[in-house]
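Here's a quick tour of how some pieces of this chain sit against each other. Have a look at the model before reading on.

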Amino acid sequence: MIPNVTREIIDLGDGRSISIETGKLAKQADGSVVVQMGNAMLLATVVSAKTAAPGIDFLPLTVDYREKFAAAGRFPGGFFKREARPSDAEVLTMRLVDRVLRPLFPDDYHAETQVMIQLMSHDENVMPDALAGLAASAALAVSDVPFHTLISEVRVARVDGKFIINPSKEQLTQSDIDMMIGASSDSIAMVEGEMKEISEKEMVEAIKFAHDAIKLQIAAQEKMRAAIGKEIREYEGEANDADIEKKVYDLSYDKYFAVAKESSAKHERSEKFSVIKEEILAAFTEEELVEHADMISKYIYKSQKEAVRNVILDLGLRLDGRKTNEIRPIWCEVDYLPSVHGSSIFTRGETQALATVTLGTSREANVIDLPSEQGEERFYLHYNFPPFSTGEAKPLRGTSRREVGHGNLAQRALKNMIPAENPYTVRVVSEVLESNGSSSMATVCAGTLALMDAGVQIKKPVSGIAMGLISDDKTGRWAVLSDILGDEDHLGDMDFKVTGTADGITACQMDIKIEGLNYEIMEQALEQAREGRLHILGKLIEVIEQPRETVKKHAPKIVKVTIPGAFIGALIGPGGKVIQELQKATGTTIVINEVDEQGEVEILGTDPDGMQAVLNKIDSIIFKPQVGETYEVKVVKMLDFGAVVEYTQAPGNEVLLHVSELAWERTENVSDVVNMGDVFEVKYIGIDPKTRKEKVSRKALLPRPPRDENRPPRDENRPPRDNRGPRPNRDNKGPRNNDNGGNKEA
């Protein structure tokens, strides 16, 4: 039976297009689509339970994105030839989609929902993560799942001043902007990316350009939804009781408002909020608590949220007493850990990050092996968020998606400040020791300090700040908050992180929890973020103004040299013998990479003498004397027929100085002219045509002795050699008189 296929085409211009197709694959899912651009194809499916599990008061949404190696005609790496846990890049794509979808489901929809996206066919000129958001929303559009506000995501780049939607990898390498934007038709929902010190105005222009493209993609989804004609399912929403809601509000609102305006510390405030909650619960009977526990908890949270937000909107005061544009107190320190290559502490209010820097060779680069990308990172950052940082005790379950996402943001903020000529592989690790708002931005600041402390010659210091938003749809009031607290993030409408130097933005991440964010609010947030960012940057520079001139004494130094490709084998030796013995003897790490038929040698070590010994060995291996040049040599061995001499500029590189080349006079004994350990100069003659060995001469540098007067004078009438005519041809002289009758072969 031929499937009933519905297809929509989205024209991107420049001869590029995106197609959305449904009705052919995965028809047992609630919704499924295939999104194709070029040869890249993604399958997206959505399945949602018909009813919510008892006691669930949130949306249990799972977004999963996987890249299949078969999509690129490749085998998975490793021992087990099967895709396993998701890579960091896949996790980041999951987060990009999840952050846009989650706020747009109905507030009272709590059925378990799973969105799965997989790359089935790869195209080198198409970056699949830019299509994942479109695929997820399209799958929801053709399903009966109650998801009314369709979205899409695009990547925007700028090459030579021109914006491009969903650029190729090659175009992205030439771009000064790499941003992913997620939005509905009405408003921006998510922004994440990196930039090369662009202005706030340029960032808004890029977002607006992306939003125009997103609107076209949403229109195509709406057209497909209309063509499918599937009715949205009915579901049982949250139970509500106006009397209980009013009772909770009357008992709690004024108390929450009073605590919120007291400007207390996090734990003190949490304890007071907990006391209020206990007082409210005590006002209900045991039967009411058993029957309406979830409902009462929901109304308590709603009352607390409203009180905190109104303190900010009505009084202009925040939970810790700051004004809306005020930054918390900051203190910093560098060189805190004595044994690491670079370290720093950055503390802002109740948020603290300890950063370390480790320097290594290209061998320590972070290898990326995905169907859609292969390569390596010479600069990378890892972010750890232990439970004690928020005063909690939780089991450790490996690196969370949040840790991957926050670490990636901090890495993107700093990476363009690492010079291309930096010889090291650099790893930054941020340990969040305290957290009450914006630990990822604290990581950026701590990372900057640690890099400068380590002597990494970063171009400019980078700082970061997290902005929040409190808005009221009924009154139209809103307030942008600088350097938000954890509660302000949780109870607010926006989390907008911006990093940059004094000259421009280097990275950003924005999540919107409400519909209808306008550009006026975004521009205000960016301007306020710039002021806060510069304030924080000033605090960093007070501690360490510029990178240390050199790495620390105990940190490894690195030297890079290039050798001809023909000498790589000689440096490695049979079975790696030469390089292994050299590393052991000198206490260094030696890495050889073959690039363009050349050997790039990295020498890493802490002992300058050991590193110099490696350089001397390399010079010896690649040393090639030139014909006619003079070289200093040292006698290292005496023989009956000459002396073995070593080039002093290339220890270990030896050549025979034949007895006939010692002096003009006849030499009976080699020791009459030279002895062990003697140092003198010789002239390089080249390759002897008879012996096929290198030939050097000492006598060639000595004055030729005068002619012996007792020798008979030359016959002046004898014609020169050139005038004597040709020599007789040996082949015409006949056979020699020997036992073989002149037959040489015999």
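Are α1 and α2 parallel, perpendicular or oblique to each other?

## α1 against α2

Keep in mind that this is a predicted model. Helix α1 covers residues 88-101 and helix α2 covers residues 129-141; their axes come within 9 Å and cross at roughly 40 degrees. An angle under 35 degrees would count as roughly parallel, and roughly perpendicular starts at 65, so α1 and α2 are oblique to each other. The crossing is right-handed.

As for who touches whom, α1 brings Thr93, Val97 and Leu101, while α2 answers with Asp129, Ala132, Gly133, Ala136 and Leu140. Sorted by class, that contact has five nonpolar residues, two polar and one charged.

## α8 against α9

Further along, helix α8 (residues 401-415) packs on helix α9 (residues 439-454) at about 45 degrees, with the axes 9 Å apart. That angle makes α8 oblique to α9, and here the crossing is right-handed.

On the α8 side, the contact uses Arg402, His406, Leu409, Ala410, Ala413 and Leu414; they meet Ser439, Ser440, Met441, Thr443, Val444, Gly447, Thr448 and Leu451 of α9.

## Domains 2 and 3

Zooming out, the domain assignment includes domain 2 (242-315) and domain 3 (330-470 + 515-543). Their C-alpha centres lie 36 Å apart, and the contact takes seven residues from domain 2 and five from domain 3.

About 520 Å² is buried between domain 2 and domain 3, with carbon and sulfur atoms giving 58% of that area.

Note on methods
Residues are numbered from 1 along each chain as its sequence is written. This is a predicted model: local features need pLDDT of at least 70, side-chain atom pairs count only at pLDDT 80 or more; totals for chains, interfaces and linings use all residues. Side-chain values use heavy atoms; hydrogens and water are left out. Axes are lines fitted to C-alpha atoms, for helices over the stretch in contact, and angles run from 0 to 180 degrees between N-to-C directions. Helices (H or I, at least four residues) and strands (E, at least two) are DSSP runs, numbered from the N terminus. Angles under 35 degrees count as roughly parallel, over 145 as roughly antiparallel, 65 to 115 as roughly perpendicular and the rest as oblique. A crossing is left-handed if the near helix is turned anticlockwise from the far one by less than a right angle, and right-handed if clockwise. Contact means heavy atoms within 4.5 Å. Ala, Val, Leu, Ile, Met, Phe, Trp, Tyr, Cys and Pro count as nonpolar, Asp, Glu, Lys and Arg as charged, and the others, Gly among them, as polar. Domain bounds come from an automatic or database domain assignment. Buried area is the accessible area (1.4 Å probe) that two parts lose on being put together, summed over both.
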